[in-house]
Amino acid sequence: HLALGMRSVLARRVFLGYALTAVFAFGTLFAYISASSFVVQEVLGLSPTAYTLVFGANALATTLVSSLSMRLVGRVPVRRLLGVGVTWFVTGCLVLVLLVLVAGTPVVPFLVTLTCTLAAFGMVMGNASALAVMQVRDRAGSGSAVQGTLQFAMAGAVSPLVGLGGGVTAMVLVMLACSGLSALSLAVIARGPGVGPDSGPDGGSGGTGQFGTPSPAPATLPAP
């Protein structure tokens, strides 16, 4: 029955699009987690104490943005919030790549950009997961199982990729690739007649833009 349920939800394209948006965003975060200790201490030359502070600041930034997203749900369509978060994520990762490949990884700009980029995760993960579950309310357990399985698979795939690169370049490139695939999943796969309180012809926002253009009605989806 579990296998049948998982196969059923995977056949729903809009669900899969939102699920992959969340999964690839998780891959972006896990690329950072896997390499952050080496990058911050060995590449940037910071002490273990400084690394702890950096890691804590990044976690705090993500939590604050997640809280902001929760407050905005009910006022702003959920898909629009997700679109903002994904665009923010991709833009931040692109800036990180440029700082590494062009500017030679300046410590302060790199760390500030990294924190700002990771903060976007707080606006992506919860909203994407909530929209995915909304598409499979009749099989919510199977939908959650699929999302969890895909996330663990992504974590297992990302860690070796970052490790093989052996440094900051590999980390930021994998982050950019995963965030780009997250955006592509939202823009292409999650388009269509989705299910949800702010659903519309573009797959969930009630508008016509691919990342959630203005909606005639506010979202009432429970906060992620």
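The following legends describe views of a predicted model of one protein chain.

**Figure 1. Overall fold of the protein chain, with eight helices and zero strands.** From the N terminus on, the order of elements is α-α-α-α-α-α-α-α. Of the 224 residues in the chain, 50% are buried. Among contacts with a separation of 6 or more, 76% join residues 24 or more positions apart. The chain exposes about 9700 Å², and carbon and sulfur atoms supply 71% of this area.

**Figure 2. Crossing of helix 2 and helix 7.** Two packed helices are described by the angle between their axes and the distance between the axes. Helix 2 spans residues 13–43 and helix 7 spans residues 140–165. Their axes come within 8 Å and cross at roughly 35°. The crossing of this pair is right-handed.

**Figure 3. Residues at the contact of helix 2 with helix 7.** Helix 2 contributes Phe15, Ala19, Leu20, Val23, Phe24, Phe26, Gly27, Phe30, Ala31, Ser34 and Ala35. These residues meet Gly143, Val146, Gln147, Leu150, Gln151, Met154, Ala155, Val158, Ser159 and Val162 of helix 7. By class, the contact comprises 15 nonpolar and six polar residues, with no charged residues.

Figure 4. When residues up to four places away in sequence are not counted, Ser36 touches Tyr51, Phe55 and Met171.

Terms used. Residues are numbered from 1 along each chain as its sequence is written. This is a predicted model: local features need pLDDT of at least 70, side-chain atom pairs count only at pLDDT 80 or more; totals for chains, interfaces and linings use all residues. Side-chain values use heavy atoms; hydrogens and water are left out. Axes are lines fitted to C-alpha atoms, for helices over the stretch in contact, and angles run from 0 to 180 degrees between N-to-C directions. Helices (H or I, at least four residues) and strands (E, at least two) are DSSP runs, numbered from the N terminus. A crossing is left-handed if the near helix is turned anticlockwise from the far one by less than a right angle, and right-handed if clockwise. Contact means heavy atoms within 4.5 Å. Ala, Val, Leu, Ile, Met, Phe, Trp, Tyr, Cys and Pro count as nonpolar, Asp, Glu, Lys and Arg as charged, and the others, Gly among them, as polar. Buried means under 20% relative accessible area, exposed over 50%, partly exposed in between (1.4 Å probe, protein chains only). Accessible areas come from the Shrake-Rupley method with a 1.4 Å probe; for residues, only the protein chains shown count as cover.
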